[in-house]
Amino acid sequence: MRRTWTLTLIVSGLALMAISYFGLAAPWGADSVANSNPRMPFAPLVFVVGVMLLFGSAIVYELYGRAPRGGGEE
Amino acid sequence: MRTVTRRRFVQGTAAVGGAAATSKFLFDGFDTVARADEVVDAAMAQLTEDVVPTTCWVGKQDCGMLARRVNGRVVKFEGHPANPLNYGTLCPKGQAQIGAVYDPNRVKTPLVRTNAKGEPGTWRSASWDEALELVAAEVNETRARNPKLVLWQKGRSKAKSFYDTAFVKAIGSSKLGHGAYCSDTGYRALEYTIGLHGVLHPDFRYTKYLLSWGWNITNAGGNKFCWLTWPRHLLAARERGMKIVHIDPRLRSAGPFADRWLAIKPGTDLAFALALCHELIANGHIDEEYLTTYTNAPYLVEDDGMFHRGDGDEPLVLDAATNSFVPASQAEAPTLRASTSHNGVAVKTAFEVFAEHVEQYTPEWAAEVCGIATSEIRRVAREYGEEAVIGSTIMVDGVEVPYRPVSIMAYHMVQQELGFQAMRAMLIVSMLVGAVGAAGGQFSDKTWKIDGKYTSLDEVEIGDGPYDFTLNKSKFYPINSGHPGLVAKVMADPERYDVEELPEVAILHMVNPLGSFADQDAFISTYEKFRFVAWIGPWISETADYFADVVLPSATIEKYEGPMSATDLYVDAKSMRLPPMEPLFESRGEIDIYLDLAAAIGVLEGEDGYIAQVNKALELEGEFALPLRGRPEVRDIFDRWARAQGIEEGLAFFEEHGVWVKGPVKPTKFYGYATDPVFGGVVHRLYGESLARYQKEMKARGVDDLYAVDYTALPMWREPTMEQSPGDYDLYLISYKLIEHKQARTSYIPLLNEISPGQRLDINPATARARGITDGAEVWVESHNAVTGETRRVKTVAAYTEGMRPDTVGMPHHFGLWTHPASRDRGPTPNALYFTGEGYTVNTADQSFHVKVRAYPEGGESA
Amino acid sequence: MATTQPIHHRELAPQEMLGRSRIWTLVMGLAVIGLVLGIVSYARELTGGMVVTGMRDVGIGGGATWGLYVAFLIYMMGVSFAGITIAAMIRLLKLEQLRPVGRIAEILSVVAVVLGGLAIIVDLGQPLRGLVNLFRYARPQSPFFGTFTLVLAGYGFASLVYLYLGSRRDAAVLAERPGRLQWLHRFVASGYSDTPEERERHDRASFWLAVGIVPLLVVASSTLGFVFGLQIGRPGWFSALQAPAFVTLAGVSGVGLVIVLAALVRHAEHRSDVLTPAVFAWLGKLMLGLLFVYVYFMAVELVTATYAGSEADADITAALLTGTYAPIFWTSVAFLVVPLGLLVYAALAKRWSIGMLTAVSVLVNLGALGKRYLIVVPSQTHGTLLPYGEGSYTPALVEYGVVLGLVALGVLMIGAFMKALPVIELQREEEVGQDA
Amino acid sequence: MTRYAMVIDLDRCQGCRACVEACKVENNTPQGSLWMHVFRLEEGTYPSTTMSFLPRPCQHCDNAPCVKVCPVGARYKREDGLVLTDFDRCIGCRYCELACPYGVNVFNWSDPAEHQYLDWDDPDLPDEVRGSVPPWHNPDHDVVHGDEQRRTSGGGHAKGVVEKCTFCVQRLERGELPACATTCPVNAIIFGDTDDPGDSVNAEIARGDAFDLLPEAGTKPRVHYVGGKHPTRSAREIERVEVEV
């Protein structure tokens with residue numbers, strides 16, 4: 001289960017980055033007004049979220065099934 | 001403290017608390033979508049936009065303009081597409097003048113002085129009525145004794161100067177202009193020699209070889225047009241293959257447009273011209289037909305230099321047809337070159353005398369004097385002579401005229417001690433090849449109109465004094481251009497010039513002697529002597545600042561003025577300055593001011609009153625004449641004028657179209673050869689007999705040789721007086737115009753100061769290094785008066801340029817003003833270095849703008 | 001022998017909690033002053049507009065439009081890059097003896113990213129717009145996109161995660177002891193129990209994290225290099241070498257700072273027990289390697305500029321070698337070459353004195369700063385392709401103030417961390433056992 | 001489809017800087033912000049000195065470095081060839097200024113409203129300008145332009161943003177030529193549509209002596225030059241303007 005979650009995060013993170021970078025952000029090029037706008041508003045934010053998911057996965061991997069508080073289990 | 005209490009405008013914003021300012025900064029245009037929409041609504045709300053035709057106010061030639069108005073406020077001036085002067089274009093000043101119109105530092109109300117004269121003024125606001133009454137009282141007080149002791153002085157006249165000359169006539173005052181500082185030397189020389197009112201400019205439509213003689217091609221116009229119109233002609237000619245020989249110590253003036261650059265030594269133009277004459281005669285480039293038919297070249301001259309008149313009073317010539325001596329007007333084929341005797345009197349033709357006279361002026365000699373290679377001088381003379389294709393003719397619009405595609409453009413360069421004769425010599429160069437008034441040849445005025453001075457200058461009667469304060473008809477300056485600087489000298493020491501009565505009241509109209517004339521010191525010490533000074537202008541000039549008792553604020557462009565000639569030589573047109581807005585603040589248009597002033601003085605109505613004079617000046621007769629009773633509306637004056645011109649709509653025509661294009665000018669109007677009678681029926685004076693006569697009379701009255709020496713029948717070289725300055729004053733100072741500025745007053749416009757920031761000393765790097773002057777560093781320029789020994793110095797910054805003669809330095813003639821915050825601290829004016837009076841004034845009472853100086857770095861005083 | 005016992009049974013060595021020395025207090029005090037100065041300076045910039053800085057338009061403005069701030073940004077990015085690399089390498093290459101500096105490197109990395117980010121903000125004419133519009137409109141094509149998103153978001157976050165996971169164990173240890181920060185320690189520990197599987201899991205996680213970070217870093221720092229490297233319009237910048245040169249010099253300065261910090265901790269907090277000369281020697285060798293490569297790049301760049309360079313490049317090179325910038329240039333070069341010499345000597349003599357290394361580290365960092373400055377500025381003042389004539393740029397006091405403030409902020413962050421968590425990993429008890 | 005282009009005839013340019021002033025008044029650019037610059041250049045030593053003039057508007061490149069580097073797409077290229085700046089989006093990073101080989105970008109270092117040639121001593125100033133700053137305020141700049149509906153015309157909109165020549169987008173929309181082309185006293189600036197075969201601008205571009213500025217930069221400018229020659233780096237600028245930001 002822990003593994004599944006972690007992998008899901010990694011994959012989705014990478015996916016978001018890829019989609020945002022290649023699909024949603026402003027298209028490459030300097031020859032039209034379209035180049036100046038992201039295809040989806042806040043696409044760059046999506047990219048950043050992707051990056052965060054990617055590395056956040058490590059936290060999930062380690063903390064899976066732990067309460068954020070409490071010192072060690074009895 | 002110059003005027004009512006002031007505070008900094010920006011304090012308002014500066015006072016804003018840090019916190020507020022921060023949020024303003026952070027959120028300024030922060031919202032990136034909503035903002036745009038808001039402003040759309042905001043701006044779209046009730047905007048009324050229209051366009052008003054008018055004419056440029058800042059320059060001298062009144063280019064046609066269209067004023068774009070939004071809600072009644074002018075937001076931009078653009079060129080009027082149909083105006084032949086500028087065809088829709090505008091120069092930098094024309095564009096930037098909007099900054100002057102809205103200048104918060106304009107005089108807002110009439111002002112009355114509250115402190116002593118001779119120091120920066122403090123003022124109180126006054127009503128128009130009070131101010132006008134004050135002026136009227138002072139004027140009338142003096143007029144009662146002698147109206148000539150009221151001095152009316154104006155800077156450049158804008159448009160047809162009918163309304164101010166009408167005022168001068170109505171009150172009978174004396175009058176001074178700025179001419180003696182402009183190019184009047186040249187005007188006198190041409191009026192005297194060929195009867196035209198102007199200096200030298202070419203027939204750009206056909207000329208192929210142009211001597212750009214001290215012409216500031218890329219920065220200044222000529223005497224007839226602003227810079228804008230001349231370069232348009234020049235470029236058209238150039239694209240037809242015209243070659244330009246640039247004769248100027250400074251390359252920048254022609255910039256890339258000089259095909260050849262002859263860096264002549266300042267003040268030696270006469271020598272160069274004489275050498276050209278020498279070469280043209282030597283090469284046989286002589287238009288005998290023109291010289292014998294239309295000039296006094298064949299007139300017989302006796303040894304005393306006077307014409308040989310026999311028993312009659314008309315000069316005789318040797319008629320080759322009958323080989324007899326006959327009066328000039330009756331000769332069929334006058335002989336050009338002869339040296340003979342008649343009734344035992346040895347006589348030579350004037351041309352013979354001239355030819356012998358220029359024998360001495362060889363290219364080798366001139367090369368020495370002018371600092372130009374002999375080969376260059378020969379080359380120019382040869383090319384000029386050959387390009388003239390003497391004898392050829394051309395059909396222009398169905399009229400056959402002689403074709404001499406060689407010409408000279410020369411303007412302010414004549415403002416030098418030998419200017420009058422230099423200009424005569426340059427004109428004679430043109431006369432020798434018959435280029436005067438020929439297609440492609442030498443022009444001077446817009447049309448070939450003979451000026452009254454052609455006769456009057458020949459008949460000057462030199463009086464014995466006492467003289468009037470302009471020294472008109474005096475033994476000092478028999479040919480007189482009315483030199484304000486001389487008037488200053490006279491007022492400083494009347495006895496010396498045999499003058500008894502000095503002016504008491506001055507009405508200064510947009511003229512600023514302290515700022516724009518040479519010899520600042522002289523003016524400061526003289527204007528103090530006026531009992532009363534009234535100033536008319538949109539700003540408080542330096543002169544007003546020191547000496548005005550009353551200031552009458554005039555409008556800038558927001559007024560009626562006109563009519564204006566809009567011809568570019570080849571297309572005839574008239575235009576009008578129409579007010580694109582109501583006069584700002586409490587200012588009034590000049591015509592309104594003069595109407596009110598005339599009324600206050602009590603000369604508005606009546607037979608010789610102001611209105612009557614206006615009728616005369618504008619030729620308003622019959623139904624169009626203004627009624628002599630009651631104060632006319634300014635618009636009505638021009639409406640009558642327009643209808644008198646045959647325009648039914650009257651002024652409404654101009655209010656709709658802006659410019660009245662009458663169509664092309666006929667060649668018979670401007671080609672001297674094509675006019676009827678040819679050359680307006682005057683004989684061109686190659687030989688200036690009367691000049692020699694004046695010299696005799698002057699000497700007979702025992703004036704110093706300095707005054708008389710240049711009154712010679714033929715141009716004669718002598719070393720300029722400035723050369724007598726000590727050797728360590730080893731540089732020549734010249735001054736010149738910048739395209740970004742008009743006189744000094746445009747330094748009131750920050751838009752222009754930005755692209756042309758201030759004073760500088762153009763100096764050749766080699767020259768500078770030898771004196772330890774580094775580029776951009778502060779440098780002292782010190783001038784020396786060769787006659788009085790007086791020295792003057794100013795500090796400015798060095799500007800290296802390889803386009804300057806090593807023995808010459810240059811300064812733009814703008815700047816040096818102090819009353820306007822925008823013009824302060826822009827460096828000195830070169831006028832503070834020039835001298836006027838003996839040695840620095842032309843024999844026609846015109847100003848010389850040459851002086852010997854030395855330059856040394858700040859801190860290097862001992863250098 | 002290694003018998004596992006619950007950690008709370010273990011006594012905490014007194015010196016293992018740091019941040020109590022007099023030096024620490026002194027440094028923090030100075031930092032607070034610096035920060036205040038920085039804030040005041042930036043306030044002036046906000047209210048008065050950037051006209052209060054020494055920057056001006058390129059061309060008619062006769063100035064440099066990017067100055068000290070950007071130089072500082074690049075420098076900080078480099079530091080951050082190096083910090084996390086070291087940390088990651090310790091993981092990947094199992095460099096047990098370097099573990100004591102591991103966390104120092106991690107902290108350095110996080111702090112540097114934050115400072116770099118702030119350096120961008122203070123350089124913006126519309127800072128608040130920047131924060132919104134970058135997330136809203138950032139364009140991949142602009143090298144800035146890479147710099148901003150990858151560098152800041154990417155490994156800023158990554159190194160934070162890395163630091164966090166690495167700190168859990170020590171937090172757990174501290175969470176046992178009552179104190180003002182117990183809540184924090186508990187939160188960070190987030191239920192860490194020192195069971196073998198927990199440790200094993202942590203090791204695996206951080207291993208992969210490291211694996212993930214390293215390539216990211218190379219990409220990120222390279223894009224930063226591209227910010228300059230891809231500019232045809234700027235002579236002296238259009239150089240393929242930019243990216244690699246950036247990365248190496250980054251490494252040099254980063255390792256340097258790690259050494260300085262380590263030395264400081266060692267001296268101030270008496271941790272010679274773990275921060276052994278061996279640790280420093282290792283770092284020294286690492287720096288030697290990087291420095292050697294960089295000096296090589298530098299030489300190549302110079303040669304290309306002087307020989308193959310265009311007129312414009314030649315002008316810049318002239319300005320660097322003999323002109324306006326010669327003093328900064330040659331000082332920077334000396335600060336990089338002299339240390340190289342010293343390190344080579346140390347390597348040959350096999351004598352790595354900590355004092356010498358610290359001195360060297362300070363020098364190379366100054367040198368690095370200088371080089372960053374010289375990459376940014378001269379090409380603007382002396383590299384205009386149209387005949388604008390020479391420009392000039394001197395940082396204004398405001399700029400120095402702001403940069404000082406940023407540095408101070410960094411110091412405060414590190415200091416605060418030292419208060420909260422051990423800046424040197426607590427030893428695992430099997431090691432304790434060995435000590436015992 | 002329209003593709004705007006400009007041709008500057010150096011055989012005609014007299015370096016008068018009327019274009020500079022026309023631009024400033026039309027676009028209300030603040031003090032120190034010159035979108036058009038005219039170089040006055042000097043080469044060689046006396047007496048063999050030569051001089052030349054070089055007007056330099058934004059080159060509106062088809063391959064514009066500034067557009068590529070703009071992090072937020074505030075600087076963008078329009079299909080009609082114009083390179084424009086969205087004043088409401090620019091974050092003021094000045095990256096475009098670095099990327100541009102021609103040095104055409106201008107940054108608002110201080111509050112433009114306080115740099116409109118008006119900071120003179122005068123208590124009545126606020127009344128006199130009646131809220132329009134500068135007094136010749138052009139309302140076209142308050143509205144959005146083009147299909148993209150962005151506020152791109154005029155200058156001095158906000159502190160901390162970059163601005164530059166817009167080819168007078170607001171005038172083009174009214175069917176007028178850019179202010180510089182209109183005012184040029186010697187008609188040295190020719191402006192037109194390269195997609196219209198009948199437009200005179202095409203003939204000019206086709207001239208044998210036509211050249212672009214800094215071709216090596218590969219920016220494909222839409223501003224071309226005819227007559228004269230490309231300035232060398234040995235050219236010295238004389239009579240430099242003194243901008244005060």
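Over the ring of which residue does the charged end of Lys852(B) sit? The ring belongs to Tyr732(B), and the charged end lies 4.6 Å from its centre. This is a predicted model, where local features need pLDDT of at least 70, side-chain atom pairs count only at pLDDT 80 or more, and totals for chains, interfaces and linings use all residues. Residues are numbered from 1 along each chain as its sequence is written, chains are lettered from A and ligands numbered from 1 in the order in which they are written, and side-chain values use heavy atoms, without hydrogens and water.

**Charges over rings**
- A charge sits over a ring if NZ of Lys or CZ of Arg is within 6 Å of the ring centre and within 35 degrees of the ring normal.
- Arg745(B) lies over the face of Trp57(B), 5.5 Å from the ring centre.

**Aromatic pairs in chain B**
- Rings of Phe, Tyr and Trp (its six-membered ring) pair if their centres lie within 6.5 Å; planes under 30 degrees apart count as stacked, over 60 as edge-to-face and the rest as tilted.
- The whole structure holds 55 aromatic pairs over all chains.
- Tyr527(B) and Phe530(B) form a tilted pair, 5.2 Å centre to centre with 40° between the planes.
- Both Tyr527(B) and Phe530(B) are buried (under 20% relative accessible area; exposed is over 50%, partly exposed in between, with a 1.4 Å probe and protein chains only).
- Ring pairs link a cluster that includes Tyr527(B), Phe530(B), Tyr546(B) and Trp818(B).

**A stacked pair in chain D**
- Tyr4(D) and Phe191(D) have ring centres 5.5 Å apart and planes at 25°, so they are stacked.
- Tyr4(D) is buried at 17% relative accessible area, and Phe191(D) is buried at 9%.
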